[in-house]
Amino acid sequence: MATYRTGDGWDALGDPTRRAIVECLAERPRAVGELADELPISRPAVSQHLKVLKDAGLVTDQAAGTRRVYRLNPVAVAALRDQLDTFWHRALDSYKAVVEQPNEETP
């Protein structure tokens, strides 16, 4: 079972508010109210952003009394990191290939 559908994690992180939520959750798990207290948006807006992040597989939630506590999904974050590492290595390999090409202007 895939942690998230291809591209959904990147799409979800395309929004600056969702990136801010992910940054907060990287520090520690939090409830919606805690996130809303740290961000310039309402609780309902935080909940909507968390739904997108959850649908993308980037966060999970767990009941804690009457609250739901959200945390990053380490498997999904690792998958994004692996994709980014792949992109980075391809870019470096391409750069290396260009740099190592013989210079036609040099005699």
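**View A. The exposed side of helix α4.** Pro44, Gln48 and Lys51 are exposed on this side of α4. The model shown here and in the other views is predicted. Helix α4 has 13 residues, which should span 18 Å at 1.5 Å a residue. Its end C-alpha atoms are 18 Å apart, so the two values agree. Just after α4, Gly57 has a positive phi of about 85 degrees.

**View B. The buried face of helix α4.** Ala45, Val46, His49, Leu50 and Leu53 are the buried residues here. Seen down the helix axis, they fall within an arc of 135 degrees, so they line one face of α4. Their cover includes helices α1 (8-12), α2 and α3. It also includes strands β2 and β3.

**View C. The largest nonpolar core.** This core holds 19 residues. Ile21, Leu25, Leu35, Val46, Leu50, Leu53 and Leu58 touch the most other members. Helices α2 (16-27), α3 (32-38), α4 (43-55) and α5 (74-99) each give two or more residues. The most come from α2, which gives four.

**View D. The surroundings of Val46.** Neighbours within four places in sequence are left aside. Val46 is then in contact with Ile21, Val32, Leu35, Ala36 and Ile41.

View E. Strand β2 (residues 59-64) runs antiparallel to β3, and six bridges join them. Ala64 has Arg67 of β3 as its bridge partner. The two strands form a hairpin with two residues between them. In the turn, Gly65 has a positive phi of about 70 degrees. Strand β1 (residues 30-31) also pairs with β3 (residues 67-72), in the antiparallel sense and over two bridges. Here Ala31 is the bridge partner of Val69.

Terms used:
Residues are numbered from 1 along each chain as its sequence is written. This is a predicted model: local features need pLDDT of at least 70, side-chain atom pairs count only at pLDDT 80 or more; totals for chains, interfaces and linings use all residues. Side-chain values use heavy atoms; hydrogens and water are left out. Two strands pair if DSSP finds at least two bridges between them. A nonpolar core is a set of buried Ala, Val, Leu, Ile, Met, Phe, Trp, Tyr and Cys residues joined through side-chain atoms within 4.5 Å. Buried means under 20% relative accessible area, exposed over 50%, partly exposed in between (1.4 Å probe, protein chains only). Contact means heavy atoms within 4.5 Å. The expected span of a helix is 1.5 Å times one less than its number of residues. The arc is that of the directions from the helix axis to the C-beta atoms.
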